[in-house]
Amino acid sequence: MKTWRIFLLTILIAAAASLQPAAAQCSICTKTSMQQGEKPARGMNSGIVYLMLTPFVVMGFLGYRWYKNQQGEF
């Protein structure tokens with residue numbers, strides 16, 4: 001179990017070290033944000049990334065709860 005935690009920690013550190021600004025816009029959103037200017041475009045991009053991450057956080061929480069419940073049954 002300890003090696004699993006070390007592996008997960010290593011993956012998380014590597015992922016955090018390689019973060020780059022995400023360009024999570026479709027072509028229509030990109031064109032619209034370009035017409036609005038730089039600051040609104042960054043805000044729109046941040047909103048898209050926020051909406052994209054929400055389902056992952058919920059599924060991660062549910063997976064964690066499921067994992068903890070399954071540990072007690074063995």
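Modeller: Start with the surface. The protein chain exposes about 6,800 Å², and carbon and sulfur atoms supply 70% of that area. Keep in mind that this is a predicted model. Of the 74 residues of the protein chain, 5% count as buried. The protein chain holds three helices and zero strands. Along the sequence the pattern reads α-α-α.

Now the helix contact. The axes of α2 and α3 come within 7 Å and cross at roughly 145°. On the α2 side, the contact is made by Cys29, Ser33 and Gln36. On the α3 side, Pro40, Ala41, Met44 and Ile48 take part. Sorted by type, the residues of this contact divide into five nonpolar, two polar and no charged.

Look at each partner in turn. Helix α2 covers residues 27–36. One of its 10 residues is buried, so α2 lies largely in the open. Just after α2 comes Gly37, which takes a positive phi of about 115°.

Helix α3 spans residues 38–71. It has 34 residues and reaches 49 Å from its first C-alpha to its last. That is close to the 50 Å expected at 1.5 Å a residue. The buried residues of α3 are Ala41, Asn45 and Val49. What covers them includes α2.

Side chains of opposite charge can pair when their charged atoms come close. Here Glu38 forms a salt bridge with Arg42, and the closest N and O atoms are 3.7 Å apart. Why do Glu38 and Arg42 lie about one helical turn apart? Both belong to α3 and are four residues apart, so about one helical turn separates them. An α-helix has 3.6 residues a turn, so residues three or four places apart point the same way. Is Glu38 buried or exposed? Glu38 is exposed, with a relative accessible area of 57%. A search of the whole structure finds one salt bridge.

That leaves α1, residues 2–17. Helix α1 has 16 residues and reaches 23 Å from its first C-alpha to its last. Helix α1 is hardly covered: its count of buried residues is zero.

Definitions and conventions
Residues are numbered from 1 along each chain as its sequence is written. This is a predicted model: local features need pLDDT of at least 70, side-chain atom pairs count only at pLDDT 80 or more; totals for chains, interfaces and linings use all residues. Side-chain values use heavy atoms; hydrogens and water are left out. Buried means under 20% relative accessible area, exposed over 50%, partly exposed in between (1.4 Å probe, protein chains only). Helices (H or I, at least four residues) and strands (E, at least two) are DSSP runs, numbered from the N terminus. A salt bridge is a side-chain nitrogen of Lys or Arg within 4 Å of a carboxyl oxygen of Asp or Glu. Axes are lines fitted to C-alpha atoms, for helices over the stretch in contact, and angles run from 0 to 180 degrees between N-to-C directions. Contact means heavy atoms within 4.5 Å. Ala, Val, Leu, Ile, Met, Phe, Trp, Tyr, Cys and Pro count as nonpolar, Asp, Glu, Lys and Arg as charged, and the others, Gly among them, as polar. Accessible areas come from the Shrake-Rupley method with a 1.4 Å probe; for residues, only the protein chains shown count as cover. The expected span of a helix is 1.5 Å times one less than its number of residues.
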